[in-house]
Amino acid sequence: MTSRNALVKIAYKDFREQHPRMYAKHLVSAFEVAGSILKNHRKRVRKGVTCRLPFVKRLMMKAENQAYKLDRESGVIDLPIRAGCHVELRLIVSQYHRKYLDDTALSLGSLTVLPDRVIVAFRKEAPKPFVPESALSLDTNERSLDGVFVEGDVAKAVKAEFPEVAIIQQRHHDRRRRLQKKKAHDRRVSRNLCRREGTREHHWIDYKLHQVANSVLKFAEERKSAIVLEDLKGMRSKRSKELNRRLSMWPRRKLHQIIEYKAQWKGIPVVKVDPRNSSRTCPICGRIQYSRMGTEFKCECGWHMDRHINASINLLQTAISKGMAGGLWFNPGAFQHDVMMILYEPAMAARSEPNGTSGIVGVT
Ligand SMILES: [Zn+2]
């Protein structure tokens with residue numbers, strides 16, 4: 001089955017007979033859920049992953065936005081089940097939830113009911129991106145975002161460090177290795193423990209990446225900056241397995257995803273640029289350096305710059321030359337070598353600030 005309609009055709013009749021008075025919209029939602037599970041299954045099969053036929057283990061229910069009512073004032077959900085039978089769910093509304101419930105620009109999306117919680121999706125019409133007055137170009141690395149901020153004819157280096165992400169990845173990797181050895185006699189237990197480790201790891205990294213993204217976006221929003229990022233699509237290194245794992249692209253792609261969707265939400269323009277040779281090119285004379293280099297990029301013409309910041313300057317120049325950054329321009333001669341703006345650093349990650357909107361500290 002490749003479409004919801006095909007599923008409906010073969011199974012709706014039986015389904016209807018088994019649940020004669022059930023609210024019809026819920027049946028349609030059930031097919032929707034089944035359809036998306038099948039889609040994921042087909043994707044795995046296409047990739048050649050051996051997997052069993054999919055089934056839903058967890059009790060769950062999905063309702064489209066016309067199939068339930070939410071009183072945004074009191075937080076009570078009215079869920080029709082069948083004629084004359086409604087279920088009322090009283091949500092525990094915190095200040096965080098209030099923010100979304102009270103925002104009239106947000107309309108209700110689907111509702112997911114799980115045994116332990118309820119998920120309400122909100123929709124928002126994406127605002128039109130603003131016309132940038134400055135640019136924030138970022139080179140994405142394993143442990144940091146490094147870049148350049150350009151406003152008028154002033155250019156400064158910027159940095160957002162997240163060394164914990166690589167540390168967390170390493171720690172969980174080691175832990176999984178140990179578990180696999182220890183539980184080698186019981187593959188089921190080993191698999192379950194590893195999966196739990198994996199989930200924890202992802203939660204932690206997600207949390208860190210959200211904080212980094214929030215700091216970057218706050219900076220860009222306050223200064224009306226366009227954000228320039230490298231296009232990571234199709235970047236895959238052909239190195240050893242070990243190195244590939246260590247330099248896993250996953251957190252970087254994830255960070256880009258978070259930045260992009262949050263930027264869209266806030267109307268901040270994001271420009272994606274092909275990163276080819278960005279770390280090897282001299283932004284002044286255009287020479288490309290193929291030899292290995294240390295932490296600093298040095299060119300015969302006299303230009304020298306931190307390798308990562310140099311890459312971000314090239315990303316920015318590509319964006320400008322393709323007309324993707326509005327009327328902005330960049331003058332490398334105006335680069336203030338002695339100034340580094342810190343967008344984010346681990347010390348700002350105190351748990352006491354869960355929304356991650358710590359202030360931006362300018363350091364000279
Ligand atoms: Zn040069």
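**Figure 1. Asn-277 in a loop of the predicted model.** Asn-277 sits in the loop that runs between strand β11 (270-273) and strand β12 (296-298), in a structure that is a predicted model. Although Asn-277 is not a glycine, its phi is positive, at about 60 degrees. Most residues other than glycine have a negative phi. Asn-277 has a relative accessibility of 24% and therefore counts as partly exposed, since that class lies between the buried limit of under 20% and the exposed limit of over 50%.

**Figure 2. Lys-224 in the loop between α5 and β10.** Lys-224 belongs to the loop that lies between helix α5 and strand β10, and this residue, which is not a glycine, has a positive phi of about 50 degrees. Because its relative accessibility is 33%, Lys-224 is classed as partly exposed.

**Figure 3. The crossing of helices α5 and α7.** Helix α5 (residues 187-222) and helix α7 (residues 250-266) have axes that come within 9 Å and cross at roughly 45 degrees, and the two helices are therefore oblique to each other. The crossing in which α5 passes α7 is right-handed. On the α5 side, the contact is made by His-202, Ile-205, Asp-206, Leu-209, His-210, Val-212, Ala-213, Asn-214, Leu-217 and Glu-221, while α7 contributes Trp-250, Pro-251, Lys-254, Leu-255, Ile-258, Ile-259, Tyr-261, Lys-262, Ala-263 and Lys-266. Sorted by class, this contact of α5 with α7 comprises 12 nonpolar, three polar and five charged residues.

**Figure 4. The largest nonpolar core and a separate one.** The largest nonpolar core holds 29 residues, of which Leu-136, Leu-138, Leu-145, Ile-227, Leu-255, Ile-259 and Leu-343 touch the most other members. At least two residues of this core come from each of β7 (134-140), β8 (144-151), β9 (154-161), α4 (163-182), α5, β10 (225-230), α7 and β14 (335-344), and α5 gives the most, with eight residues. What does Ile-259 touch, not counting residues up to four places away in sequence? The residues touched by Ile-259 on that count are Leu-145, Ala-213, Leu-217, Ile-227 and Leu-229. Apart from this core lies another, of 21 residues, with Ala-155, Ala-157, Met-305 and Ile-309 among them.

**Figure 5. The packing of helices α1 and α2.** Helix α1 (residues 4-18) packs with helix α2 (residues 24-47) at an angle of about 130 degrees, and their axes are 10 Å apart. That angle makes α1 oblique to α2, and α1 passes α2 in a right-handed crossing. The residues that make the contact are Arg-4, Leu-7, Val-8, Ala-11, Tyr-12, Phe-15 and Arg-16 from α1, together with Ala-24, Leu-27, Val-28, Ala-30, Phe-31, Glu-32, Ala-34, Gly-35 and Leu-38 from α2. By class, the contact of α1 with α2 has 12 nonpolar residues, one polar residue and three charged residues.

**Figure 6. The setting of the close-up views in the protein chain.** The protein chain contains eight helices and 15 strands, and its C-alpha atoms fill a box of roughly 80 × 55 × 40 Å, taken along the principal axes. Of the 364 residues in the protein chain, 37% are buried.

Methods:
Residues are numbered from 1 along each chain as its sequence is written. This is a predicted model: local features need pLDDT of at least 70, side-chain atom pairs count only at pLDDT 80 or more; totals for chains, interfaces and linings use all residues. Side-chain values use heavy atoms; hydrogens and water are left out. Axes are lines fitted to C-alpha atoms, for helices over the stretch in contact, and angles run from 0 to 180 degrees between N-to-C directions. Helices (H or I, at least four residues) and strands (E, at least two) are DSSP runs, numbered from the N terminus. Angles under 35 degrees count as roughly parallel, over 145 as roughly antiparallel, 65 to 115 as roughly perpendicular and the rest as oblique. A crossing is left-handed if the near helix is turned anticlockwise from the far one by less than a right angle, and right-handed if clockwise. Contact means heavy atoms within 4.5 Å. Ala, Val, Leu, Ile, Met, Phe, Trp, Tyr, Cys and Pro count as nonpolar, Asp, Glu, Lys and Arg as charged, and the others, Gly among them, as polar. A nonpolar core is a set of buried Ala, Val, Leu, Ile, Met, Phe, Trp, Tyr and Cys residues joined through side-chain atoms within 4.5 Å. Buried means under 20% relative accessible area, exposed over 50%, partly exposed in between (1.4 Å probe, protein chains only).
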